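Try each one with the model open, then read on for the worked solution.

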Amino acid sequence: MPTELRDSRPTLVKGARASRTTVALKLAMAGSGFLFVGFVLAHMYGNLKAFAGHDAFNEYAEHLRELGEPLLPHEGALWILRLGLLLSLVVHVVTGVILWRRAARARTTKYTVKKTAGVTRASLMMRWGGVTILVFLIWHLLNFTIGKVNVQGGATNDPYNLLVDTFDVWWMTVIYLVAMLALGAHLHHGIWSAAQTLGWTGTAAKRRRAKQVGLATALVISVGYSLVPLAVLAGIITK
């Protein structure tokens, strides 16, 4: 067999397999990302219940714990949702790391700064923004769900009062707002990337629409989540 054919066949198969795997990873990352968008929108609705007062917010929190009863135990549906979201988070992070490493290995020469400045900034923003969001999510769960940490030393068994005590502390509100900025930036670029992966940017009109949807979603979520902590700090939402 000629040397050219003998050397080329494994390369073609390996390249095709790698390409298919990359597409699958991108689809998994896009799908898990969309699951999170759905969750954060629903969670934002619940957060905004704080504007309706103590009883309305706590009734909503208790309703989530009773969801699915008596078929499921108390908080059963909530834990199923949490575990599903945790699995999606793992998929999203792992696929993102794998794709980033593949992209890094694929670079045979350094790009010129002028040509790729925008791409590099977007990549760094997604990478470190994702890390920021992950760290914040861990703290957020410890603060309000798993550990229930009241930074003012007060009680933790009342969801509304815990929320007010948390955001009455200015530096807690600042941390939250920084995380929302990171989330907004991540969603803006992430929705665009997901639309590309799913083949929704084939025309100029579709690309423009995808960018508009990404920007609108990022603004709605980041601003919507920022309203409650800002209102608490301003004294609009109080105990």
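**Exercise 1.** Over the ring of which residue does the charged end of Lys 211 sit?

*Solution.* Start with the ground rules: the model is predicted, so local features need pLDDT of at least 70 and side-chain atom pairs count only at pLDDT 80 or more, while totals for chains, interfaces and linings use all residues. Residues are numbered from 1 along each chain as its sequence is written, and side-chain values use heavy atoms, with hydrogens and water left out.

Next, the criterion: a charge sits over a ring if NZ of Lys or CZ of Arg is within 6 Å of the ring centre and within 35 degrees of the ring normal. The ring below the charged end of Lys 211 belongs to Trp 192, with 5.2 Å to the ring centre. Arg 82 is placed over Trp 79 in this sense too, 4.5 Å from the centre of the ring.

**Exercise 2.** Find how many aromatic pairs the whole structure holds, then describe the one formed by Phe 57 and Tyr 160.

*Solution.* Rings of Phe, Tyr and Trp (its six-membered ring) pair if their centres lie within 6.5 Å; planes under 30 degrees apart are stacked, over 60 edge-to-face, and the rest tilted. The search finds 6 pairs. One of them, Phe 34 with Trp 200, is tilted, at 6.2 Å between centres and 35 degrees between planes.

Phe 57 and Tyr 160 are edge-to-face, with 6.1 Å from centre to centre and 65 degrees between the planes. This pair joins distant parts of the chain, 103 residues apart: Phe 57 lies in helix H2 (residues 54-66) and Tyr 160 in helix H5 (residues 159-167). Helices (H or I, at least four residues) are DSSP runs, numbered from the N terminus.

Now check accessibility, where buried means under 20% relative accessible area, exposed over 50% and partly exposed in between (1.4 Å probe, protein chains only). Phe 57 is buried at 9%, and Tyr 160 is buried at 4%.

**Exercise 3.** Work out which residues of H2 are buried and where Asp 55 and Glu 59 lie.

*Solution.* First, list the buried residues of H2: Phe 57, Asn 58, Ala 61 and Arg 65. Their arc around the axis is only 95 degrees, so they are on the same side of H2. The arc is taken from the directions from the helix axis to the C-beta atoms. Asp 55 and Glu 59 are exposed on the other side of H2.

Finally, look just past the end of H2: Gly 68 has a positive phi of about 90 degrees.

Definitions and conventions. Helix = DSSP H or I, 4+ residues; strand = E, 2+ residues; numbered from the N terminus.
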